[in-house]
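Visitor: Hello! Could you walk me through this structure step by step?
Guide: Gladly; have a look, then ask away.

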Amino acid sequence: MPVVVVESPAKAKTIEKYLGGDYRVLASFGHVRDLPPKDGSVDPDADFAMKWEVAADSRKHLKAIKDALKDDQTLILATDPDREGEAISWHLLEALSPALKKGAQVNRVTFNAITKAAVTEAMAQPRQIDQPLVDAYLARRALDYLVGFNLSPVLWRKLPGAKSAGRVQSVCLRLIVDREMEIEAFKAREYWSVHARLATPDGAEYDATLVSLAGSKLERFDLPSAEKAAMAVSAVASRNLRVTSVAAKPATRNPWPPFMTSTLQQEASRKLGMGAKACMSAAQRLYEAGLITYMRTDGIDMAPEAVHAARDAIKAKFGDKYVPSSPRMYKNKAKNAQEAHECIRPTDMMLSPDRLKVSADDQRKLYDLIWKRTIASQMEAARMERTTVEIASPDNQVGLRATGQVILFDGFLRVYDQGRDDEDGEDGARLPAIRQGEAARLVTQAFDAEFAKAREKHDPLPAAPAGQRAAPGLLLNDSAAVAARQHFTQPPPRYTEATLVKRMEELGIGRPSTYASIVTTIQDREYVRKDKNRLIPEDKGRLVTVFLTKYFPRYVSYDFTADLENELDEISAGDLVWREVLGRFWKDFSKALQGTSELRITEVLEAIDEALSPHLYPPRADGGDPRGCPLCGKGRLNLKTARSGGAFIGCTNYPECRYTRPISAPDGEEAVGDRILGEDNGDPISLKTGRFGPYVQRGEATEDNPKPARSSIPKGWNAATLDLDRAVQLLSLPRPVGAHPDDGAMVEAGIGRFGPYVKHGAKYANLPDADEVFTIGMNRAVEVLASKQIRGGAAAAAPLRELGDHPDGGAIQVMNGRYGPYVKWNKVNATLPRDVAPEDLTVEQALDLIAAKAGKSPVKKKAAPKAKAAPKAKAVTKKPAVKKAPAPRTAKG
């Protein structure tokens, strides 16, 4: 029977079900070949010849396909419908060529959705491999290899501690570093706004904002201080006010287009808190289950039959009035959009989220998002009325404005509204009935509650003139009817994964299939960390970016990277020859590489030190030299590299002066130098700052005591405010808690390399807060130890997920272990691959992992009845040779 090859086993099962017994469907498990990670895999001197290598894990999959082809020489390549999928089909054909006899039939089929109709239609329309698409893949792969393999070694030699560079990865990192530089250079500017609570003659209340003063329009910074704001408050509070005009204008809001890859990742981040990688993993599962169309696309158009299905679903669920008179058509305005595929949409519009039978929580939430966005995109517009009310004093010295809107018909908003990364300031308040010419009465005590809350801050109070009250950031007139609020301009926000993907898309950097991996890579390289969903560059990332900007400016240029993406698009369209594009790139790139061959590390550090000086040496409060050493007062601070990699700030007066500090301190803290905190039992207790951060030390190093007692400052403590008592507490650790009630062994609390902990014998359990180390009692310590999963102990931790029962009996669970998450079944523990998150693991994947660990073939989910017999289950549990785990590492540093 013909052999159909797809990428994943889950997809293979679904497609085999649709095709029936006339075809044999096998999985390639992704790419089967890649460039070996060694010099010469791409040879520019041989017209960019590329040496491919079959991955070790792929050999058995290729063998299975070759064995199947012995019976039938009809090969159907049905990998994903994008450039990567086309490349996998090409690799498969190249690798399988020796097994194909003369006259063998090879076809390529693609389908945008894994449904019976889509698969059947695709099988009826086979084609050959699209060589221009393959050429574009080859060019992209060669470019990434040439940049990464040649630029990364330059980083290793010239910038110790740097891990890698990449054609798109480094440009993405630059975006984050540049934004951080903008934030640091930002100078906040103060301004005030004035507001009044007004009432109609009927007593209905509404808020208005001061928009003109002394007959002139108020601009944003016209009230720059509390003094100016106080004058404005007095001006409003001392006048009678009247409504001068009421204008109501109709408005409409049209729905957002359906999802493409980048917008799906952005909304999943905003609304579900999903990172790009987790989003794409969940979408992949939904696609393979036949629930959504292909999830890597930059197209937002929808197939005509899908549009009609969406309109039918809207009519059935919400009624005729929610269906527009004609279908909505969308066209992508993003730079470089190819629109090679449909948008991301449900395959069955009538399958609403409440009827979805999917157990994984992340997949359910993502499907809900996709379904709502798709349905809303074909719904009627929302209709509303926006009202603007102008209020003024008889002498026209003050003017106020109240705005609001009323939704007359919710339209698509009944189903979905897109999230926002930052507030846009749109006023959606609803106004009461207001008539032109009526009096606008000031409402007393309107802002009393806000005033009381502001006074709780205990910040310095602004001066308040007679007849007014002051609170931090707030001024009121005595009757609390008029308020002035203090504001400061805000720096540009740090990127989230969503806004970073959006920015990359706007610049034309990367493609839908690359966004998730790029964002993940820069975090894995420890160039960037994620804190409260915001991406913050690490010092290592700053150094790499400054180095590349200084010595390879063209290759981290946004425009150059986008132009190169355009050329790759032209290759895929057959308009450019891929080797010619590579030739032009390599000619200039190799010259840039040669230009760094004579660079010395000291020269590189000096250049980076100068470029980063505003960040490394901010102005001092006392007006002193930012580069002056605070310890010896003689040397100057400069950038140095550590033997272990990375960099730190040190004194030029070394070794006489051993002052060091990290490149940057945590947000909100100042970098601190060495100082004596006091004495304890005759020993000086000092605070020092090393290359790994601040620490406290008892005494000084001597020949008799070369390693005096030290303790690192716990995370979350501010070294700048550390006092003697806290330092002595740290140096006294570990602290004895008491004898354990079970065996009398001492229970201790301390802070180690993995954070705060309690210890009983060889058993450790982490504590959530460092401060608890000094207060924890025996009852709490026993509770924490009991809840910690001990290998071989009786108190097991709760599983992360329950996947159901194994076909041979026994529950399959996802557990969290010391070395990461793993699948547990009876006595078999199988570690999850690094690229599979616990929430993404399917039952089929778990069975494969268990079978591989047990050293036998995968067990099908629905096994024959005999497989459930008790002897069989026992045989499986006894077969794996589970090695005894090594003793747990202690939590102490």
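Visitor: In what order do the three strands of the open sheet with β21 run?
Guide: A word on the model before that: it is predicted, so local features need pLDDT of at least 70 and side-chain atom pairs count only at pLDDT 80 or more, while totals for chains, interfaces and linings use all residues. Residues are numbered from 1 along each chain as its sequence is written, and side-chain values use heavy atoms, leaving out hydrogens and water. Strands (E, at least two residues) and helices (H or I, at least four) are DSSP runs numbered from the N terminus, and two strands pair if DSSP finds at least two bridges between them. In this open sheet the pairing is antiparallel, and the order is β21-β22-β23.

Visitor: Which are the edge strands of that sheet?
Guide: An edge strand here pairs on one side only.

Visitor: Which residue of β23 is the bridge partner of Gly-650?
Guide: Strand β22 covers residues 647-651 and pairs with β23 in the antiparallel sense over two bridges. In β23, the partner of Gly-650 is Thr-660.

Visitor: Is Gly-635 buried or exposed?
Guide: Gly-635 lies in the loop between α19 (613-616) and β21 (637-641). Contact means heavy atoms within 4.5 Å, and beyond residues up to four places away in sequence, Gly-635 touches Arg-627, Gly-628, Cys-629, Cys-651, Thr-652 and Asn-653. Buried means under 20% relative accessible area, exposed over 50%, and partly exposed in between (1.4 Å probe, protein chains only). At 6% relative accessibility, Gly-635 is therefore buried.

Visitor: How many disulfides does the count come to?
Guide: A disulfide is a pair of cysteine sulfur atoms within 2.5 Å. Take Cys-632, which is in no disulfide: the nearest cysteine sulfur, that of Cys-629, is 3.7 Å away. By this rule the count comes to zero.

Visitor: Which helix packs on the sheet of β28, β29, β30 and β31?
Guide: Those four strands form an open, antiparallel sheet in the order β28-β29-β30-β31, with β28 (735-739) and β31 (763-766) at the edges. Neighbouring strands are turned by 25° against each other on average, direction ignored. Axes are lines fitted to C-alpha atoms, for helices over the stretch in contact, and angles run from 0 to 180 degrees between N-to-C directions. The helix touching β28, β29, β30 and β31, with a direction at about 100° to that of β31, is α21 (residues 778-787).

Visitor: What do the buried residues of α1 pack against?
Guide: Helix α1 spans residues 9-19, and its buried residues are Lys-11, Ala-12, Thr-14, Ile-15 and Leu-19. Just after α1, Gly-20 takes a positive phi of about 80°. The buried residues of α1 pack against β1 (3-6), β2 (24-27), α4 (116-123) and α9 (276-288).

Visitor: How wide an arc do the buried residues of α4 cover around the axis?
Guide: In α4, the buried residues are Val-119, Ala-122 and Met-123. What covers them includes β1, α1 and β7 (74-77). The arc is that of the directions from the helix axis to the C-beta atoms. These residues are on the same side of α4 because their arc is only 100°.
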